[in-house]
Structure formats: structure tokens, C-alpha cells
Amino acid sequence: MTPLARRPARIVSAALLSGVALLAYSAADGRHSTATHRAISVSLGNLDIRVVRAGSGTPVLLLHGYGESLMSWRAVFDELALHADVIAFDLPGFGLSSKPDHGYSADSLAQVALRLMDSLGVRRAVFVGHSLGGAVSAAAAARAPDRLLGLVLIDPALITPPALSSFGDSTGQTERMRSIVAAYYENLRSRFAGVHDPEWLSESDAAMAYEPAQDPAYRQALVAVLRQFDFQHLTAERAARLTMPALLIWGAQDPVIPATSAQGLLAALPRARLAIVPRSWHRPHVERPGVVAGLIEGFLGEIVHGTSE
């Protein structure tokens, strides 16, 4: 099977899987006695998954990007929860979820999302995935298309990061590059994308005390994801079988996965349409949350009323 797209090697873009230089949404500093939401931990066998859920109506599952956590959705979460049953969670390896040594392929992470739905009593849902989470969402759609009411992909990471495929493994350069990418991204994440916000999300004292930067397992997981994740999992053949309604949302100035990449995906998905978000980069749901929330709400309305193309 032929991958949807390949890109020439450019070392600089590998470190930008989730908008390295564009993380502009910082965690709140102060504590508040009545947080808007409460985090729960859901056990999936050998995995513990941090989850936040709110609202009622059509189930919507939010999947974050590389190196981030469910907190990356807070700018759109409450707005979406006015219209839907919204569930955000930390993918394995990130945030406060378990950080195993393996299990980071696209299909493995897709299975985690589907098992989480089972545990929460959700039969079908709209998947909304950003960057790495977009690739996981697409893998879930390919594995279990009957479980997805619709698919929203926000700047999805559906190509191999060029620097990770630039060198043969025999040179040892690829593994070193993975470590560099992971360390560089975490340095920025720790400053601009915290995993806690006590004013928005209530957690136990033990959970609040956890900081990924102090956990060796987290750094190991960052590298393991880059080693194990198959960014080209969504082949043209698989994409053609994804007949659920799909919405592609792309930042017009995305330097990580340029908006020009959207055209190939748009053509490959049978029922997809594309929305380009102006004045936005790799994280439009953070940079232009009102616009993105409105696009998702409109898409949900079409699904509910059966008017999606």
C-alpha cells in the first residue's frame, strides 16, 4: 500500500510535530477552590488514563498532539460541552496517563481510544484529533469505522517527520535525532503547555504534584513514541474506506504540516471537506479557539441532522 504523502528531508521540521515554536497557551498559575471540572482516572487493564468529561448529547472524543495532554483542549472544551458529551483524555505516554515502554503504534493507540469508549459506555463518537492525535483518530476510523459518527482532523500528523527518516538506522543518527526532538519539545512544553490548571481542572493532591519533566518515564515515552509510531499508517487504500463524514481543519500558516498537505488527504477521504483557519499555525484550536469550536459545532449539527455531505 502506498502512503498518502512523502516529504523531502528538512531537519528543522522534525521538532515541530505539535507546534514547537507555537505553543502560546500557558497554564494558569493560581489555585481556585471550585474548579470547573474534575479529572478521573480510568483503568484499562495495564493502563491508567486521565480523563475529563462534560456536557450531554453527541459523544465527542478529543485526542491531543505529541508531547501535550488533555489540557491542550481547554480553550474549546467548555464551548463544545454546551452542545455535546465531550471527553478529553491523555494518550498513553503523555500527561498523567501511564507511560509504558511500548504500545505507541498508531493502531495500538487507536485501540486504547476505542477501549476507553467501551469503559465509559460510549458506543459511537465523533473523533477530534490534533497532529499525532489526528493520526490516531484516523487509525481508529480505519480499525473500527462503525464506531465513528464522524472524523475531525486538525493539522493531522499523517506524514513521517522528515528528520526521523533522513538517516539510515545503521548510522545511529535517527535515534539521536529522536532524543533531540523529544528534549527540545519538552523544554518548550514545560514553559507553555502545563498539564495542570487548578482553576479549570480539579485533581487530587498526588496528581497535582506530578510534573512530567521530573519523570524519567515521560522522557523515555517521548522517544519511544517517535520510534514506534507509524505516521504513514493511513494509506490511500485505508483512507478510501473511511466513508464517515470528515472535516479537515488546517492552520493557514502551519510550518509543521503545511496546509498544502491537506489537498491530498481531502482527495483521499470520500466525504471530507476542508476548512483553512487564517492567522493560525499548527494549533488552531489553541490559537483561534472560537473559530475552531464553531467549525466543530457546525459539523456536529450536520451529523445530528443528517445533512453532512
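Student: Before we dig in, what kind of model is it, and what are the ground rules?
Tutor: It's a predicted model, where local features need pLDDT of at least 70 and side-chain atom pairs count only at pLDDT 80 or more, while totals for chains, interfaces and linings use all residues. Residues are numbered from 1 along each chain as its sequence is written, and side-chain values use heavy atoms, with hydrogens and water left out.

Student: OK, what does the secondary structure of the protein chain come to?
Tutor: Eleven helices and ten strands. Those are DSSP runs numbered from the N terminus: helices are H or I with at least four residues, strands are E with at least two.

Student: And how much of the chain is buried?
Tutor: Buried residues are 56% of the 309. Buried means under 20% relative accessible area, exposed is over 50%, and partly exposed is in between, using a 1.4 Å probe and protein chains only.

Student: Switching to helices. How do α2 and α11 pack?
Tutor: α2 (residues 74-81) and α11 (residues 289-305) pack at an angle of about 40°, with axes 9 Å apart. That makes α2 oblique to α11. The axes are lines fitted to C-alpha atoms, for helices over the stretch in contact, and angles run from 0 to 180 degrees between N-to-C directions. Under 35 degrees is roughly parallel, over 145 roughly antiparallel, 65 to 115 roughly perpendicular, and the rest oblique.

Student: Which residues meet there?
Tutor: From α2 you have Ala75, Val76, Glu79 and Leu80, and from α11 Pro289, Ala293, Ile296 and Glu297. By class, the contact of α2 with α11 has six nonpolar, no polar and two charged residues. Nonpolar covers Ala, Val, Leu, Ile, Met, Phe, Trp, Tyr, Cys and Pro; charged covers Asp, Glu, Lys and Arg; the others, Gly among them, are polar.

Student: And how do α3 and α4 cross?
Tutor: The axes of α3 (residues 106-119) and α4 come within 8 Å and cross at roughly 75°. So α3 is roughly perpendicular to α4. On the α3 side the contact includes Leu109 and Leu114, and on the α4 side Val136 and Arg143. This one counts seven nonpolar, one polar and two charged residues.

Student: Which loop is Ser131 in?
Tutor: The one between β6 (125-130) and α4 (132-143). Ser131 has a positive phi of about 55° although it is not a glycine, and Ser131 is buried at 1% relative accessible area.

Student: What's the phi of Asp155?
Tutor: Positive, about 40°, and Asp155 is not a glycine. Asp155 sits in the loop between β7 (148-154) and α5 (173-192), and is buried at 0%.

Student: Where's Leu70, and what is it in contact with?
Tutor: Leu70 is in the loop between β4 (58-63) and α2, buried at 0%. Beyond neighbours within four places in sequence, its contacts include Arg50, Phe89 and Trp200.

Student: Last one: is Ile40 buried or partly exposed?
Tutor: Partly exposed, at 41% relative accessibility. Ile40 lies in strand β2 (residues 40-44) and touches Ile49, Arg50 and Val51, not counting residues up to four places away in sequence.

How values were computed:
Contact means heavy atoms within 4.5 Å.
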